[in-house]
Amino acid sequence: MFNLSEKNEMRIWRQYLHQIPELAYQETQTSQFIADKLTDFGLKVHQGLAKTGVVATLSAGNSSKSIALRADMDGLPIQEQNSFAHKSRHANTMHACGHDGHSTMLLATARYLTGHRNFNGTVYFIFQPAEEGRAGAKSMIDEGLFEMFPTSCVFGMHNFPDIPAGHFAVKSGAMMASFDCFEITLTGQATHAAMPHLGNDVIVVAAQVINALQTIVSRTLDPAHPAVVSITQIHAGNTWNALPESVVLRGTFRCFDPAVKTTIAEKIEQLVKAVCASFGAAATITFNPENPGYPVTWNTEAETAQALRAAIAVVGEQCVNQTPIPSMGSEDFAFMLQERPGCYLWIGNGASENSCLLHNPNYDFNDQILPIGAAYWVKLVETVLNDPT
Ligand SMILES: [Zn+2]
Ligand SMILES: [Zn+2]
């Protein structure tokens, strides 16, 4: 589908984007690069949705059918440890999740479809900011994404290092978990470390709370419904010989079922309050204090079947895993899937030189898969928009 010079150009774009990673809602250089390219291809380009979001529109024929393809643009606050020529030029910021590759594949798709127009309908190319924990997809939706660009379905793709290069993995239903954060503040009477009986030692209370929270998955939930509850931060005290007045615990929980999510949140409240009461301490609990939680990434049946047809057309049935185990990671594309039917699939990045996972300071998107991912997008558009049903 792509000739050598087109493949080389994709690699150049990708390696350029890798050098200029930008954090959530600050993707100004990246989004301008993308918008300029889309304008050069001859597309209608809209900038500024959710600050740095870019949406391009391409129509062919007379059908009212439409499809949206989404790529994310943001990097992570990680200092890159690679030493190759295209390593990040921005301190403490890097494309450790391969969003440079996602943007490049979608750009290459836009150019191909503009040149060939082998479809009947409208394609929306969505380049979103702030996937990493800041819910850029939700911001775009809140600012009118699907009113301005009224697509009937939406598709996403993420590279995955555990899958062989160029293979795909996709299934209907849950692909990725929901993600929620919580902050618990335990408050008691501070006291001298030598006289614990004169206060409420909230550090000991915190230890009981942490243990109690670990029983949610093991004792409260149906074992057939996977979930994770993790305490990831403990903040308390500043000296050797005094018991502090408060402890702050922060953590996250993830699962594949909204009902399980509700149960976990309720059980956190119940356990924290009960444990604290038994020690005479007080507790406040805040869910998602900084950013919205992410819903479950849920693929609809019909759109998953279309994604499968497109993936198989590109790499053959033997290279498409149709029964992947869903990931406990999460994805803000889930917000788009709450608004429109669609499908999110994984493209194998293959084992890298250092065999590292996403968000690792040695990660790098595999340029060999750029034309494969772009070919999938093209096939998908042709599959969905040329489908007579
Ligand atoms: Zn990531
Ligand atoms: Zn990512």
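Asparagine 288 is partly exposed, because 16 other C-beta atoms lie within 10 Å; by the criterion applied, a residue is buried if 20 or more other C-beta atoms lie within 10 Å of its own, exposed if 12 or fewer, and partly exposed in between, with C-beta atoms placed from the backbone. The model is a predicted one, in which local features need pLDDT of at least 70 and side-chain atom pairs count only at pLDDT 80 or more, whereas totals for chains, interfaces and linings use all residues. Residues are numbered from 1 along each chain as its sequence is written, and chains are lettered from A and ligands numbered from 1 in the order in which they are written.

Asparagine 288 occupies the loop between strand 13 (282-287) and strand 14 (297-299); helices (H or I, at least four residues) and strands (E, at least two) are DSSP runs, numbered from the N terminus. Although not a glycine, asparagine 288 has a positive phi of about 45°. A positive phi, of about 55°, is also found at asparagine 92, again not a glycine. Asparagine 92 belongs to the loop between strand 3 (66-72) and helix 3 (99-116) and is partly exposed, because 13 other C-beta atoms lie within 10 Å. Serine 83 is likewise placed in the loop between strand 3 and helix 3. Serine 83 counts as exposed, because it has 7 C-beta neighbours inside 10 Å. The C-alpha atom of serine 83 is separated by 24 Å from that of proline 164, 81 residues apart along the chain.

The protein chain is divided into domain 1 (4-175 + 296-385) and domain 2 (178-287), with bounds that come from an automatic or database domain assignment. Between the C-alpha centres of domain 1 and domain 2 the separation is 38 Å. Five residues from domain 1 and six residues from domain 2 take part in the contact, where two residues are in contact if their C-beta atoms, placed from the backbone, lie within 7 Å. On the side of domain 1 that touches domain 2, four residues are nonpolar, one is polar and none is charged; Ala, Val, Leu, Ile, Met, Phe, Trp, Tyr, Cys and Pro count as nonpolar, Asp, Glu, Lys and Arg as charged, and the others, Gly among them, as polar.

Helix 1 (residues 4-19) packs against helix 3 at an angle of about 145°, and the axes are 9 Å apart. Axes are lines fitted to C-alpha atoms, for helices over the stretch in contact, and angles run from 0 to 180 degrees between N-to-C directions. In this pairing, Met10, Trp13, Arg14, Leu17 and His18 of helix 1 meet Asp100, Gly101, Ser103, Thr104, Leu107 and Ala108 of helix 3. The contact of helix 1 with helix 3 comprises five nonpolar, four polar and two charged residues.

Helix 9 (residues 301-315) has 15 residues and reaches 21 Å from its first C-alpha to its last, close to the 21 Å expected at 1.5 Å a residue; the expected span of a helix is 1.5 Å times one less than its number of residues. The buried residues of helix 9 are Glu303, Thr304, Gln306, Ala307, Leu308, Ala310, Ala311 and Val314. Their cover includes strand 5 (154-160), strand 6 (168-169), strand 14, strand 15 (320-321), strand 16 (342-348) and helix 11. Helix 11 is itself mostly covered, with 14 of its 16 residues buried.

Just after helix 9, glycine 316 takes a positive phi of about 90°. Glycine 316 lies in the loop between helix 9 and strand 15 and counts as exposed, because it has 10 C-beta neighbours inside 10 Å.

Glutamate 132 is found in the loop between strand 4 (121-128) and helix 4 (136-142). Glutamate 132 is partly exposed, because 19 other C-beta atoms lie within 10 Å. Apart from neighbours within four places in sequence, glutamate 132 is in contact with Ala24, Asp74, Leu76 and Cys97. From glutamate 132 to methionine 73, 59 residues apart in sequence, the C-alpha to C-alpha distance is 9.7 Å.

Glutamine 233 is part of strand 10 (residues 227-236) and counts as exposed, because it has 9 C-beta neighbours inside 10 Å. Leaving out residues up to four places away in sequence, glutamine 233 touches Leu249 and Arg250.
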